[in-house]
Amino acid sequence: MAKDEMYVALLGLGTVGTGVYKVMKTQESEMQQKLNTVLRIGKILVRNPKKHEGEVEDPSILTSSFQEILDDPKIRIVIEVMGGIEPANTYISEAIQAGKSVVTANKDLIAEHGGELMALAEENQVELRFEASVAGGIPIISPLKNSLAANEISQVMGIVNGTTNYILSKMTDEGMDYKEALQEATELGYAEADPTADVEGYDAGRKIAIMASIAFHSRVTFHDVYMEGITKITSKDIDYAKALGWVIKLIALARNTRGGIEARVHPMLIPADHPLATVSGSYNAVYVHGDAVEDVMFYGRGAGEMPTASAVMGDVFSVARHTVYDSQGSTRDNVFRKIPIKSMDNIRSSYFLRMEVEDKPGVLATIASIFGNNSVSIKQVIQRDKIGSNAELVIITSEVKERHIRDALLILNSSSVVKRVSNMIRVY
Ligand code: NAP
Ligand code: HSE
């Protein structure tokens, strides 16, 4: 059934919204062939329409009233690129209940309320798609749901935040200061409205929650994910990592293990020859391990106006095709298991510990006995720099349960020979 035109509404005209607007224009001439219809933007919701008048060909489509969009029967697809939980949650729920399909880039919302929204979409026989919510332009949601559906997926691991990857790359490759690198990432449109979400690991936490739920068929929400950001990483840590043949990356990791689901985001030292080590700037990459496919890696731009618009518009085109051919895709999220979340105490890792200690005989033996008493064995010790009259020690441990390292840290911090433990970073 051919439809001459199909109307969409855009909620938000910021970084991603502007990209979507541009792609709608550049793709206009080919839509008829690709979709058997032409998509038109019926309305654009912004807080302040006046501010955006110079950004669109027809300013009369700008509105600050969501009700106008809800009440317009011509509008079949709502594209939400405003961000945040509210009012996005209310607007998406109301659009779905009004029989409109929704495409969103909003990981905050999907990582917390995705289950309820997908159930609502199914109930109302419309689609809810969110490819752009994870890893910007990289197709990962659809491959996890469709192309890899026949696999038992045991691990999803990757670099899924463009802002922090940009900052760490600039600090590592150019010796750039953290603040300057964050400023650049913000100017390039990679950072969230509040970049705390990026640098503290919350954004990557939301993305790994979304991917884990799909991969393991068991609900993982933002609140289940252990998150540590990059704010404690210093140029010293980066230098030591380089000297040891490693790079520091913010890694998001989800594993389906016998002891439950591990879901965590934290900086990690990875070997310089590991494929994730070469993923730099705003690029992201996601490794997936499935029992049939073995390893697959997805790589591309993880943030920014046009890459994210590419993912949003891919979803919009799918919904448009399904609408034209009356073959609506199922929006079921396919969560049918209840797997417990594994406590961080029980994860296993090797650790990099940088500490300032008294520079006198017997100190190393004291520290070694604290580790030994807590079942932590030491793999490597580096003593390179002096800090005033103290020495800086870097210790790499063997693989150990996290609770043992935490117990050892408590005692180290109260020991008279240890002035401070400056950083603890997990090692791949
Ligand atoms: P942004 O630049 O801050 O733009 C947000 C837009 O939404 C603005 O046009 C703003 O209107 C509008 N808006 C916000 N709250 C509104 C409200 N209550 N009522 C009406 N309009 C409202 O954000 P963005 O970077 O484009 O990100 C949008 C979404 O995409 C977020 O969920 C983000 O996490 C996600 N995302 C972003 C990227 C990226 O690279 N930036 C990548 C993937 C996913 P005004 O202009 O009038 O204030
Ligand atoms: N702020 C996010 C990032 C945008 O830096 O990756 C893409 O989701």
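In this predicted model, in which local features need pLDDT of at least 70, side-chain atom pairs count only at pLDDT 80 or more, and totals for chains, interfaces and linings use all residues, a polar side-chain atom of Lys-51 lies 3.1 Å from an oxygen atom of ligand 1, a polar contact being a pair of N or O atoms within 3.5 Å (within protein, one must be able to donate a hydrogen and the other to accept it, and residues adjacent in sequence count only if both atoms are side-chain atoms). Residues are numbered from 1 along each chain as its sequence is written, chains are lettered from A and ligands numbered from 1 in the order in which they are written, and side-chain values use heavy atoms, with hydrogens and water left out.

An N or O atom in the side chain of His-52 is 2.7 Å from an oxygen atom of ligand 1, and a polar backbone atom of Arg-47 is 3.0 Å from an oxygen atom of this ligand. On its own, ligand 1 has 900 Å² of accessible area, of which the protein covers 86% (areas come from the Shrake-Rupley method with a 1.4 Å probe; for residues, only the protein chains shown count as cover). The shell around ligand 1 holds 24 residues, the closest being Leu-13, Val-16, His-52, Glu-192 and Gly-304, where a residue is near a molecule if one of its heavy atoms lies within 4 Å of it. By class, this shell has 10 nonpolar, 10 polar and four charged residues; Ala, Val, Leu, Ile, Met, Phe, Trp, Tyr, Cys and Pro count as nonpolar, Asp, Glu, Lys and Arg as charged, and the others, Gly among them, as polar.

Polar side-chain atoms approach oxygen atoms of ligand 2 from Lys-107, at 2.5 Å, and from Thr-163, at 2.6 Å, while an N or O atom in the side chain of Lys-207 is 2.7 Å from an oxygen atom of the ligand. Taken alone, ligand 2 exposes 260 Å², and the protein buries 94% of that.

Glu-86 and Pro-87 are joined by a cis peptide bond with an omega of about 5°, and Pro-87 is placed in the loop between β4 (75-80) and α3 (88-97). Gln-125, although not a glycine, has a positive phi of about 55°, and its place is in the loop between α4 (107-123) and β6 (128-129). Most residues other than glycine have a negative phi, and most peptide bonds are trans.

Note on methods. Helices (H or I, at least four residues) and strands (E, at least two) are DSSP runs, numbered from the N terminus.
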